[in-house]
Every structure is written in C-alpha cells, then in structure tokens.
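Subject: Handover of a structure model

Dear colleague,

Please find the structure below, together with its sequence. The findings follow it, beginning with the ligand site.

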Amino acid sequence: MENTAEKKNVVLSFVQSSGTPTIANYFGAFKNWHGMAVENDCIFGVADLHAITVRNTPADLRRRSQEMYAWLLALGLEPEKNIVFLQSHVPEHSQLAWILNCYTQFGEASRMTQFKDKSRQHADNVNVGLFTYPILMAADILLYQADQVPVGEDQKQHLEIARDIAERFNGIYGETFRVPAPYIGKKGGRILSLQEPEKKMSKSDPNVKAFVSLTDADDVIVKKIKSAVTDSEACVRYAETKPGVNNLMTIYSCCTGKDFDAIEAEFAGKGYGDFKAAVAEALVEELRPVRSEFERILKDKAYIEQCARTGAERAEAIARRTVRKVMKKVGFYQV
Ligand code: AQP
C-alpha cells in the first residue's frame, strides 16, 4: 500500500476462485475496485480457501486460482500500490479463523442464510467448512484491521457476524480488532441469471447459459444474450414484473452509463430482438479490452508468480502482527 502522510481507509475485497468470473462479478465488484483504490488503501484477494467448501478437481482449482489472480492484475489494480494476493499464501487466515471459531456461538453461525441455501444446493456435501465459512471470512477482514468492506446484499449478514465477533473479542481482551463497516461504493447493480432472472447470476451455476463469463468469445456472448429469458410483452421498460428485461437493462446501463429512462426512450417502439442485439454489442465492446489484457497477462507466468509472491509477503507482514497480538491476548505461551 502507498505510504502517504495522510491515513487512508483500509478497504478489503475478496473474490472466490470458484469458477471463471462472470459479468456479475465484473459489474458488481471488479469495475468499481479500480476507483475504490484511488481513494483508499486496498487489499484485494483471491479467496481460494473459501472455494474448497465444494468439491474441486485439484488441477481445476489451481488453474482457476491462478486465472482469478491474473484477472485482478488485468483489471489494473496496481500490485505495487495495493496488496493483491491469494488467501492460501498467508497461513494466518486459517490460524485466526480457528481462534475466532472459539469466539463464535453455534447459534449465531446457524442463523446464516447462505449456509442454509448452500446446504440445500450441495445436499450431498454439507461439510463443516460450509458452516464455518463466515468465520473464515471474519478472519480475512479482521486480520488486516480493515475499516470498510464492500458487500452485496448476500454478504451483509457475514459482515455483521464479523463485527459481532470483533466486538465480542475486544470486549473480553480490550481493543484488538478494528470493527469494519460496510463500504458503500458506486452502485454496480445486482446482476441476475439470464435463464432464471429471479435468482442472482453466479459463476458456479451448472447452466452455462445463465451467465456470461469474462472469457466467453464474442459470438458466445451474443448467443447467451439472445437466449436470455424475458417476457411476452415485447416492450423495453423497467417494471417489477419484468425481471429478465430489468436485468438486461441493468447490463446495458452498466456498459453504456445510460439510465433506465434513456434506455426506455432509445428502444421505444422496438422489440426485444433489437434490444438484445444492442445489449450484446455493448457487452462485447465492454469486455473485449479487459479480456485481451487478461490473455496477455496469463501468458506471463513469471510476472503472475512474482506479483503473487510479493503480494503474499506484504499481506503476511500485516496479518502476522494481528495474529501475534491476538495470541498474546488469548494467553498463548509465545517465545
Ligand atoms: N449477481 C451478482 N451481482 C452483483 N455482484 C455480484 N457479485 C457476485 N455475484 C453478483 C460480487 O462479486 C464479488 C465476488 O464474489 P465472490 O466470488 O466472492 O462470491 P459470490 O457472491 O458467491 O459470487 P458468485 O459468482 O455467486 O460465486 P459462486 O457461484 O461461487 O457462489 C463480490 O463482491 C460479490 O458481491
């Protein structure tokens, strides 16, 4: 992080290496991270430890984690200025998570709605890691004494539990952790599934037509947008009853900067065919430069490794201080 006289807020953002990032990750998070890094000291991480709550092929996990890290570099997150690293490279995440487990009540962890949802989705593998996921996330945040964490709707409950754990620990042992607040950044929009627009777009959706991944070729993007579920009204307008059209309008707005009124005016009297063609074209134009930067960086394995190593060293220097402080407060015999 930049060493300036003026103290900036520490803002922490993670992305799971649970698949190839989608346009939902891009518009909901990535696209805003660049601007966020101008005003704050930012720590960006690939949450590969979180990715193993579901079963992975080892080679796939390795490739996805490396690629997700390359995406962060491709976004222009400046690894010399910000800390950009992989979670599993800093063992303190697991170490602090264990300690925080012992300061989290079973009842409060049981109330997490994501656990309930994911247990239903992965009924054949309801592992304890899925249950303690929010405690690892609390460790991710508290290790770096983050002031703020950007969170979408679905992660609000996890930030609250991280705050509760921090306050509880501070209450017992005195000021140890900074209590993080949500970061309210530029609105990125909640992007929904192209096939079931009542649920969010997810990179791990088994239906590949439900999302546009950042590596999709131009013709694939066009096909996926053209087959997006809409409705039978054939009128481009934003309405609660039209989640599919709203979603495409959001995507178009994210690409062009146009608001919904302007989009409705632009497509007045036109059908969904014209509208979808325009959305697809705007999306193709938006993604092309970032995809080509990603492809360029991915070829340079030495650069990726060097950035990942430096990022981990810088992250660990902060994380180690926090863990030592915590262990001392708890009463571990340190030599
Ligand atoms: N649908 C979405 N709309 C807007 N933003 C989204 N994000 C994820 N989905 C949407 C934002 O992307 C960032 C990284 O997310 P993540 O990978 O850490 O976790 P996630 O929310 O679980 O993302 P996915 O794509 O749904 O992953 P899987 O399928 O593995 O569960 C976060 O800032 C998130 O808000």
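A polar side-chain atom of Lys203 lies 2.4 Å from an oxygen atom of the ligand, which falls within the limit for a polar contact (a pair of N or O atoms within 3.5 Å; within protein, one must be able to donate a hydrogen and the other to accept it, and residues adjacent in sequence count only if both atoms are side-chain atoms). Please note that this is a predicted model, in which local features need pLDDT of at least 70 and side-chain atom pairs count only at pLDDT 80 or more, whereas totals for chains, interfaces and linings use all residues. Residues are numbered from 1 along each chain as its sequence is written, and side-chain values use heavy atoms, with hydrogens and water left out.

The ligand is surrounded by 18 residues, the closest being Ser18, Ile191, Ser202, Lys203 and Ser204; a residue is counted if one of its heavy atoms lies within 4 Å. This shell divides into 6 nonpolar, 7 polar and 5 charged residues (Ala, Val, Leu, Ile, Met, Phe, Trp, Tyr, Cys and Pro are nonpolar; Asp, Glu, Lys and Arg are charged; the others, Gly among them, are polar). Strand β1 (10-16) and helix α1 (23-39) each supply at least two residues of the shell, and α1 provides its largest share, 4 residues. Helices (H or I, at least four residues) and strands (E, at least two) are DSSP runs numbered from the N terminus.

Aromatic pairs

The model contains 16 aromatic pairs, counted for rings of Phe, Tyr and Trp (its six-membered ring) with centres within 6.5 Å; planes under 30 degrees apart are stacked, over 60 edge-to-face, and the rest tilted. The pair of Phe267 and Phe275 is edge-to-face because the planes stand at 70°, with the ring centres 5.0 Å apart. Phe267 is buried at 4% relative accessible area, and Phe275 is buried at 1% (buried is under 20%, exposed over 50%, partly exposed in between; 1.4 Å probe, protein chains only).

Phe169 and Phe177 form a tilted pair, 5.2 Å centre to centre and with 55° between the planes, and both residues are buried.

Backbone and helices

Glu78, in the loop between α2 (58-74) and β3 (83-86), has a positive phi of about 50° although it is not a glycine. Glu78 is partly exposed at 38% relative accessibility. Ala234 is also not a glycine and has a positive phi of about 55°; Ala234 lies between α8 (218-226) and α9 (243-256), in a loop, and is partly exposed at 43%.

Helix α12 (residues 301-330) has 30 residues and should span 44 Å, which agrees with the 41 Å between its end C-alpha atoms; the expected span is 1.5 Å times one less than the number of residues. Gly331 follows α12 and has a positive phi near 110°.

Kind regards
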